[in-house]
Amino acid sequence: MSVSGLIASPSRCCLRLPDCNQGLVCRQVPSTPIASKPKAKFGKLHLERLTVSFRRWKMQKTHLIKCAMDASYGDMASESGGAAMFPRINVRDPYKRLGISREASEDEIQAARNFLISKYGGHKPSVDAIEAAHDKIIMQKFYERKNPKIDIKKKVREVKQSRVVQAVTSRFQTPATKFIVKTSIAFIVLGVLTVLFPTEEGPTLQVAISLIATFYFIHDRLKSKIRTLLYGAGAFIFSWFLGTFLMVSVIPPIPILKGPRSFEVLTSLITYVLLWVSSTYLK
């Protein structure tokens, strides 16, 4: 045939492209230029055909990869039965695994277990993890009920938060350290004199001095004669009756203190302690 006045024999170009099913395939691309067109036009047409063929091959490859991924996902779904997996399956704490607190009751524990089983019942590893956490919590609750232990910190906190204790503690305040030292020395001296110099009449003098000291210290803090009289007299009467009750009903006889007035001596010592607290901390 004649091309722009020239004679040329038809030829073909063989392009080897990967095929998804058959491997490498030789595709014939006619390279005969169109009549009355220059050679530059022929080269451009050839390049466009190569580009289109490459794009088709790339699209086929992407499609095959996507199909393979879908098939793989379908195999995994078929193995697990297509059920959802429990998200906290690897959590070690049984309470956190079930999503409950440590103070939860048995009804709350059972309700959490039933809810999770109904939601993830199709996934066997999830069911095993939920059942294991439930059994561990039930066994722990059973052991604690069989062997109860006293939480001392919790008991102390409950006592402090009670209304009676709060009402009593609200009537006391902590003074300056210098004042605490002064009252402590005074009542310690009275206690030593009562123990070292017992008399047949009992520690009458020391008790009277302790009452005067109580009036003095309360007035020194509160600066009120009426409150000093009421607090001092009330503290003395309460301290003496409480000391007598403790010596008769609670505290056993102490062999170190012997003599006909040992009972009055011990009662006086308890009274000194209570008077020291009243004269030092009473608001």
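Q: Which residues line the largest cavity?
A: Rolling a probe the size of a water molecule over the atoms shows where empty space is left. In this predicted model, the lining is made up of Thr194, Phe197, Pro198, Thr199, Gly202, Pro203, Gln206 and Val265. A cavity is a set of points on a 1 Å grid over the protein atoms alone where a 1.4 Å probe fits but cannot get out, and lining residues have an atom within 4 Å of a point. Local features need pLDDT of at least 70, and side-chain atom pairs 80 or more, while totals for chains, interfaces and linings use all residues. Numbering runs from 1 along each chain as its sequence is written, and side-chain values use heavy atoms, without hydrogens and water.

Q: How do I read the packing of α8 and α10?
A: Two packed helices are described by the angle between their axes and the distance between the axes. Here α8 (residues 204-222) and α10 (residues 262-281) pack at about 10 degrees, axes 8 Å apart. That makes α8 roughly parallel to α10 (under 35 degrees). Helices are DSSP runs (H or I, at least four residues), numbered from the N terminus; axes are lines fitted to C-alpha atoms over the stretch in contact, with angles from 0 to 180 degrees between N-to-C directions.

Q: And which way do α3 and α4 run, parallel or antiparallel?
A: Helix α3 (residues 106-120) and helix α4 (residues 124-146) have axes that come within 9 Å and cross at roughly 170 degrees. They're therefore roughly antiparallel (over 145 degrees). Among the α3 residues meeting α4 are Ile109, Arg113 and Leu116; the α4 side includes Ile130, His134 and Ile137 (contact means heavy atoms within 4.5 Å).

Technical notes. Helices (H or I, at least four residues) and strands (E, at least two) are DSSP runs, numbered from the N terminus. Angles under 35 degrees count as roughly parallel, over 145 as roughly antiparallel, 65 to 115 as roughly perpendicular and the rest as oblique. On a 1 Å grid over the protein atoms alone, a cavity is a set of points where a 1.4 Å probe fits but cannot get out, and a pocket is an open set with protein on both sides within 12 Å along at least five of seven lines; lining residues have an atom within 4 Å of a point.
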